[in-house]
Amino acid sequence: MGSRSSHGARTNGVWCTVTGDERAQRDVLSLLVPGVPAGELPRLRERLGGEGLPRPAAGSGPGGGGCGTDGGAPSPAGALRAALAAPRPSGLGPLAAAARKAGPLDDDLVLALLERARPARTLPALLGEEVRPDGLTAARLRELAARHPGADPARWRGLHDALATHRGTLPELLAAEPEAAPEPADGPAPLPPRSVPATLALLLEHTAPEQTAAALRALPDAAVRELLAGGSLPGPALTAAVAGHGDSRSRTALAAHPRLDARVLKQLVAADDPAVNAAVYRNPRCTPSLRRAIAHRLDRVPLDEGLRAELLSPGADVPATWHTPLLACGDPGLVARALRRGVRRAAQRHALVRVWESRGPDAVRRLLSDASARPHLHAQVRAEAEAALEEPDGAARLRADGEPYDDPAALPRLLRTVRGTSTLRDLLNEPYAHDFPALAAAHRQSPFMPKAAEELLRHEDATDADRADLLLNVLNAPWRTGGRYGGNTAPPARRLADEPLDDAAPEWAEGMVRAGLLDPAALVHPARPAARAAGALAALAERGLLTDDARRALHSAVRDHLAGRPDAWAALLRMLPGFTGSLAELVAAAGQAAAPTPPAAPPAAPDSAAPDSGAPAGRPRRPGPAAVRAQTPGTPEFPGEPRGERQRAALGALDLLIRLAPGDAPLPDDPGSLRYLARHHPADNPGGESPAWLVKACEAAGIAPEDGWHTPPPRAQALAEPARARDAGAAGHTLETAYLHGVLRADDLLRTLPAPWLVRRPHDWYRLAFPVAWENALAAFLDHELGDDPDAWLYLAAAAREEMRTETRRPPHGATWPELLERSRTRTGAPRRRTGRPWRTTRPSITARPPATPRPPPPTRPCGSSPTATTCGCGHWAPCWAWRGPAP
């Protein structure tokens, strides 16, 4: 079950191939080694060769303190209490942040902050989310709000005006009952700090709804907007008070908050206020069904004039999601604007029926003759509507022949079978009746596709139970059932017990853990196979989502089966790729498969060292390399080929040492070492070619690599390779390796590669180095050629836009940037810019290396003689020079 796919890993700034097995081994070691006592690490590192062995953080091993304090220092909460006990507390911000980070604050400590912190407007930042609705602090806030400002608008306005300058505590300010500041004679009052509305929100969250409504009516417009429309989401009590008791201004402000739940937006729409409806319609959280509800009630609540003008303006940058809900509103002008977005014939027919039923047949005739709408109506729909206009019951016949949009059972039936995203978009945007209890029941019976669940998750009629079912479907999407992309509402525990994890395990696990639906300890057991479970656990650890229970389960497995047994660790890494059980079962199996631990040798006597050994008394002398070779019969054993980051860096490290050595450095002569070095991956060769010293040493020892020596292609051949690649993504790896090894420079990229590739680059190019060099070269080139001439830049932009329209992403891929610049000058007659300074791209590539010592050319072979051949008799340069690794 081990994955053999290859991944890009960065080693010392160079991208190389890391196989799935190596990644799994690295993940397992990163999870299990923190459970190894520090005294065992040297022996374990020696047994495993140090490959990928992480160094545990201080205190992370068994016995490590992990979370405590050093030397009896006070806890963060204790330090905060001590600061509050001072006559005039100061410096509370960092102390409160550290205390909240260490864990939830005690209610009495939160109450002390409320009573002692100064100035008053710092309270929201100090308290954070620590005020519990049923705690002492919440009760104290309710008491203060009811006793002092209460329902008096003037007192709330005075509190607002005094908060910015008051230096005392909040109880002191409320007891003073300050009066409102007079209006300045020279213009509007300056805006107060944002901490002022935040402090008012803290009080209003603990105020009766009628008092909240009175307070909001007294506050300035800017304060209401900051309270309700900006920053953090208002608390549930404040939100409910505005939705149930607020005026048009406060409801409009609340409806503009970009993070407001769709269920609250629906409550605001129930006020039947055109201004509030307009704010809801513009809100990014407003669902298509809620926008349709607003549009379908125009006979009762007219559309806000500003929103109507925005929807009908041909130059307004209005998203399509604002227009499609207007299809069935019955208003001819709005329907005509919605038809221009392009909809299915069934929706076009229904739109005409609604106009007929709302405004009569004459409105349909005018719509059919409207020059802005007629081109967007299908010819068959126009013919049917024109024929129906000649009949007495034409509207009924059109409706009977159309889609059953008003049938509540239609949408659940269609969502059960839909699989395409474009069809799903049509179903959710067209005016189907939304009976959400029926939709939720249909989803529980036969889960919809995950994208449909994701859209319905935000629905204004969804209950908490409905959202929980839909969320499970969305979070289960990365882990496909039987390789099929479909709906799945099985809870995580059941899936882990019944199904093996796939390659999407990290993404799936992260989503489930963040939603609070999965305990990471379940990935230790029963999740399987072990390699994928380890990948998911390692991803959680990187994001700080690994729980203490999961860590304890891992450390317990190490203590019970691997502690003090390096051979068991080696067996674990050997068994990992093909192991089908859980990670806990793998650790237990490795402990059983390893040989029993031999008894430790008695320590050497203090006088056992030879007199001339130079070793400290009581410590045996460590044998040198010659002694080790003499004691080991035969040739030393080496891996089949370098694997992992450290082993693959060996050739580059030796090449650097030999080049830095003064004079002629001695070359390696051990046959096993030379065979090992000769099997290096082509991408690991310094400069893209086999080092001359390695070729010389291997020839002297009579060793030749199976695939021949590697040599970089000529620059022209490397530049021609992208044109033969199947697409831009495939060409990117070739270009990357050629650029990193100095075969291509930034100027070569600029004058050879098509401009559309840089604008619409493949997603996997963002991790490569050559696009950055290409961008830098282009910036220097355009700065030299165009300078600050705005017309020249606009001409180039127009030429680039035209090129983007015709580009196909297939060879020959389009014009280069210098060619586009020349084209823009040729068509416009724009003069060349002369700066008086030569143009250069960027500093020379640091990846280029000096010429190596000349050597005979590598042996050639006919095409196809080896799947890893780099040169062949007919002169082809195989792309595997740029990137060779296990097949994906």
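pLDDT is the predictor's confidence in each residue, from 0 to 100.

**Entry 1, confidence.** Over residues 840–888, pLDDT stays under 50. I still found 105 contacts beyond four places in sequence for residues 840–888 in the model. Residues 834–838 also stay under 50, with four such contacts. Where pLDDT is low, the predicted coordinates should not be read in detail. For the protein as a whole I noted an average pLDDT of 80, with 79% of the residues scoring at least 70.

**Entry 2, overall make-up.** I counted 47 helices and two strands. Of the 888 residues, 45% count as buried. Among contacts with a separation of 6 or more, 67% join residues 24 or more positions apart.

Which residues have the most contacts inside the largest nonpolar core? I listed Leu228, Leu268, Val280, Leu311 and Leu415, in a core of 115 residues. Helix H21, residues 345–359, gives the largest share of this core, with seven residues. I also noted a second, separate core of 53 residues, which includes Leu31, Leu48, Leu501 and Leu583.

I picked Val280 from the largest core's list and looked up what it touches. Leaving out residues up to four places away in sequence, Val280 touches Ala255, Leu265, Leu268, Val269, Cys286, Leu290 and Ile294. One of these, Leu268, is also on the list of residues with the most contacts inside the core.

Key. Residues numbered from 1 in each chain as written. Predicted model: local features only at pLDDT ≥ 70, side-chain atom pairs only at ≥ 80, totals over all residues. Heavy atoms only, no water. Core = buried A, V, L, I, M, F, W, Y, C linked by side-chain atoms within 4.5 Å. Buried < 20%, exposed > 50% of the residue type's maximum accessible area, 1.4 Å probe, protein only. Helix = DSSP H or I, 4+ residues; strand = E, 2+ residues; numbered from the N terminus. Contact = heavy atoms within 4.5 Å.
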